[in-house]
Amino acid sequence: MDINTSIEQIERVGPIYLKRLKKLGINTISDLIFHFPSHYEDFSNIIPILQVKLNETSCLQGEILEIKNTRTWKKKMFLTQAIVQDKSGAIKIIWFNQPYLTKILKSGDKVCLAGKIVLGKSGLYLSNPIYEKLPPSSDIKYFRTDFIHTGRIVPVYPETEGLSSRWLRMILKPILERLRYKIPETLPEKIRKENELLGISEAIWQVHFPNSKKLAEKAKERFAFEELFLIELSVLKERLKLKKEKAIPISFNLELTQKFVNSLPFKLTNAQKKCAWQILKDLEKSRPMSRLLEGDVGSGKTVVAVITALNVVKANGQVVFMAPTEILAKQHFNEVRKLLSPFKIKIALLTSKEDKITSLKLKGEILEISQNKLLEKTRKGEIDILIGTHSLIQDKVKFFKLALVIIDEQHRFGVGQRAKLVARGTDAERKIPHLLSMTATPIPRTLALTIYGDLDISILDEMPKGRKKIETKIVSPEKRKETYEFIRKEVKNGKGVFVICPRIEPAKNNNGGEDVLGWAEVKAVKEEYEKLKKEVFPDLKIGMLYGKMKAKEKEKIMEQFKKGKLDILVSTSVVEVGIDVPRATIMMIEGAERFGLAQLYQLKGRVGRSLFQSYCFLFTDLKSRKIQRRLRALIDSEDSFKLAQKDLGIRGPGTLEGIKQWGVPDLAMENLKNISLVEKVRETAKELLMESPELLKYPLLLEKLKTFQRKIHFE
Ligand code: ADP
Ligand code: MG
């Protein structure tokens, strides 16, 4: 038996359990031993019966004096009652509804028992303990390490239907004993030594059946390191691969760029100039640019993207611009059209209704043509900039000479989607378009380098001048009325108000499935809308918006809100990304505690886009310290990057969009928030790739990396 042996060959695993294991993705011994416990129970302290205390979980060892089944009259419940004795005394044991126990445990048996001490009518008894039979003959020496379910630190596995921790322990223990010191080491020895990591065989043993809590920690440390290491290796290798690809070089057109900058109604910030410069310089190379433009909400990323697009179009390349929502795509279409109106450029919006693309709109006077016409024009190179949503990824969208891919709010897309869009533009000479990705999700640099490790990074670290600080407040239930009055006053002065409803935990449906259609959200919005309309602001014009609405309808509502035909917009967090309504000055968030910090920050960024004072009100009924601390962080922080660092500390990286979908193993996920560890691992991975770029010197590591990459889909 070795780690590649399939689980079919394990004795004691019958067809039913085989099926259950496979359902968990466990096919080989390796999968099985890498199925880690979620936590441990410490039963290592075996005490004399005389010393048991009420309500304490205790582990005892003794001989069964008698054992029998009874039945309670009232509840018709089976009770298995026993008396167990050691040198110090005896105690009663009661198991509930496990009558088969009398077939396993007989009087005279030596047992170890772990459970809670409870007070009954006739004194203390041990309730429903975990049991373990010990060898009968006293001349067999029983070591601490021989225990499986009691008498030691015991592993508890993530709860899964039909696979109990008891069963897993029973199957795993003999396998681990046979494999001990025979599991091939995947981490190079040098790296293990330098970082004081346990060897793989020892770590596997200690993670399942630890000799001490400290060793269990050491074992987890090793696997966390290894998982992060594999992530970094994947990302860095991807980057090396990209460096070898070819792209169409775009020469920087100074005169044109100056003309564009002069046509703007505002002056570019220094940060915008610096980033545009970095991008344009990068485009001149004959290898594809792959760059992330990271900038706070409202820092003006769109203009930077447009400068880039303009240069590409004037060098005879096509540009495709993808946004995560229809509303945002439409907004970009209008904005880009406005910004580029002095230049003769054909800009089109690919809209999708239901799942088929229906219409196209061209510059100047808006022209509507059929979907097929638009696709044909794009294919012939008659469209310069094509803007749209995910629908741009479809096979039927083809280009004549795609030279630049722009992705807005990239954290909303998977790496796979990014790659697919880029692939749409790969030409016959295998030249790849340049990629400009944009995000406002503030991610600390190291983490960004890890998550988006195949990208170079430009940061817009400066806001346009003249923006006022958004006044942010936590509103307790007592202050609700007062706040409504304030809102009414602002509306009377012509301001717009967003009301955001919390994400409702979707009720599981009858099949136990998720609420994929998001009906819970729709309900929350409708209820709030009715309440505001009927009870709170019957005199104001209120509209509502949610993700499931038809695109046309959404557009109409947004338009009305922008123009001031609606005073208040009740919405889900669909407005979270990118929406630009300068007349809105109040962001009111219901159930603020249900949102992540990064998300709250995005929502807050929907106001404060004009010269007027803006406000963000966080409504919460909960007074828990942790929640207050999190919401405070939003108030105190002006720098979204510092804020992200805090959120990472409080909630962990699982909250970051884009990373959740990866399927990163739990341990690695947990450790991504340990920035200094991530940094160390990243450096180690770099050094190793420098020494052996294809990892040929480390065949076992390479093999592990391949398996890892197959399991975790970076999207
Ligand atoms: P984001 O980075 O969040 O995508 P946008 O590109 O939507 O930000 O820009 C936010 C707003 O700021 C827009 O209304 C835009 O016209 C405006 N803007 C962009 N750059 C500047 C600048 N340098 N000075 C003043 N306003 C600017
Ligand atoms: Mg934007």
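Trainee: Why is S122 called exposed rather than buried?

Mentor: This is a predicted model, where local features need pLDDT of at least 70, side-chain atom pairs count only at pLDDT 80 or more, and totals for chains, interfaces and linings use all residues. S122 has 61% relative accessibility, so S122 counts as exposed. The cut-offs, with a 1.4 Å probe and protein chains only, are under 20% relative accessible area for buried, over 50% for exposed, and partly exposed in between.

Trainee: What makes the pairing of S122 and K92 a polar contact?

Mentor: The two side chains come to 3.4 Å. A polar contact is a pair of N or O atoms within 3.5 Å; within protein, one must be able to donate a hydrogen and the other to accept it, and residues adjacent in sequence count only if both atoms are side-chain atoms. S122 and K92 are 30 residues apart along the chain, with C-alpha atoms separated by 9.3 Å. Residues are numbered from 1 along each chain as its sequence is written, chains are lettered from A and ligands numbered from 1 in the order in which they are written, and side-chain values use heavy atoms, with hydrogens and water left out.

Trainee: Why does L695 count as buried?

Mentor: L695 has 0% relative accessibility, so L695 counts as buried. L695 sits in the loop between α22 (675–691) and α23 (699–711). Helices are DSSP runs of H or I, at least four residues; strands are runs of E, at least two; both are numbered from the N terminus.
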